[in-house]
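Have a look at the fold first, then read on.

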Amino acid sequence: MKVIDTGIGMTEEQIPRLFQPFTQADSSTTRRFGGTGLGLAISKRLAEMLGGELHAESVPGKGSVFTATVATGSLQNVRWLENPEEAGPLDEQADPAIPRKTPTIKGRVLLVEDGPDNQRLISCVLKKGGADIQVAENGLLAIESIEAANAKGQPFDVILMDMQMPVMDGYAATQQLRSDGCTCPIIALTAHAMSGDRQKCLKAGCDDYLTKPIDRTVLLTTVAQFAAQGRCCNTSRILAPESNRQDES
């Protein structure tokens, strides 16, 4: 598989650094692009675990070509798919003799996530699970969305909170919501899976903790369980319409 990037390209000296964890080709403090520098390192490791490799070729000013290979074994009699949607989730391709039940989510879910790719992926999974989804890009917008929803009498049943975001991160947003009296279940979403991270999220006020990349079944099961508890926000500060707050001030 090849992925072609028509961006700014890289020099021969920059390419070896791409696959080092927490490293990017442009290491200056004024670099224009975000990211943690983990994506390519993880991709290379996965390709190698699957018996293949990942390497890059690039020309400055013209772009780059990333080539990934895996050891598939014999492809004889393997049916090729014309449309990726034919593949379906992995758990739907399991042994049909073993019944599998996907939890159904009944309620409104606020996904607080700044990454566009994660927004699309997680929203898609939750929508297929039956949830009504709204997205906020940071903690400050999440608080505004929650207040607006409650003022309309349409509170969220679950909040999925990314913990690393610009403007206001998930820790600050969760603490602010709890301080304001929000009782809605808040589930932390984070790429950090080190010892103590779960406790840090719970201490901030989260009810549970999920790591990224997400596990589809775990995500749906966890959200469905919390949505069924009926713990949507019901406090005067969170529920008060904007006009009432102005009158009070």
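**Notes on the sheet and helices**

1. Strand 1 and strand 3 (residues 63-69) are antiparallel partners, joined over 4 bridges; strands pair if DSSP finds at least two bridges between them. Within strand 3, phenylalanine 66 is the bridge partner of valine 3. Helices (H or I, at least four residues) and strands (E, at least two) are DSSP runs, numbered from the N terminus.

2. A word on provenance: this is a predicted model, where local features need pLDDT of at least 70, side-chain atom pairs count only at pLDDT 80 or more, and totals for chains, interfaces and linings use all residues. Residues are numbered from 1 along each chain as its sequence is written, and side-chain values use heavy atoms, with hydrogens and water left out.

3. The open sheet has 3 strands in the order 1-3-2, with antiparallel pairing. Its edge strands, each pairing on one side only, are strand 1 (2-5) and strand 2 (53-59).

4. Helix 3 (residues 139-151) has 13 residues and spans 18 Å from first C-alpha to last, close to the 18 Å expected at 1.5 Å a residue (1.5 Å times one less than the number of residues). After helix 3 comes glycine 153, with a positive phi near 75 degrees.

5. Which residues of helix 3 are buried? They are Gly139, Ala142, Ile143, Ser145, Ile146, Glu147, Ala149 and Asn150, where buried means under 20% relative accessible area (1.4 Å probe, protein chains only).

6. Tyr171, Thr174, Gln175 and Arg178 in helix 4 meet Lys200, Cys201 and Ala204 in helix 5, with contact meaning heavy atoms within 4.5 Å.

Key: Buried means under 20% relative accessible area, exposed over 50%, partly exposed in between (1.4 Å probe, protein chains only).
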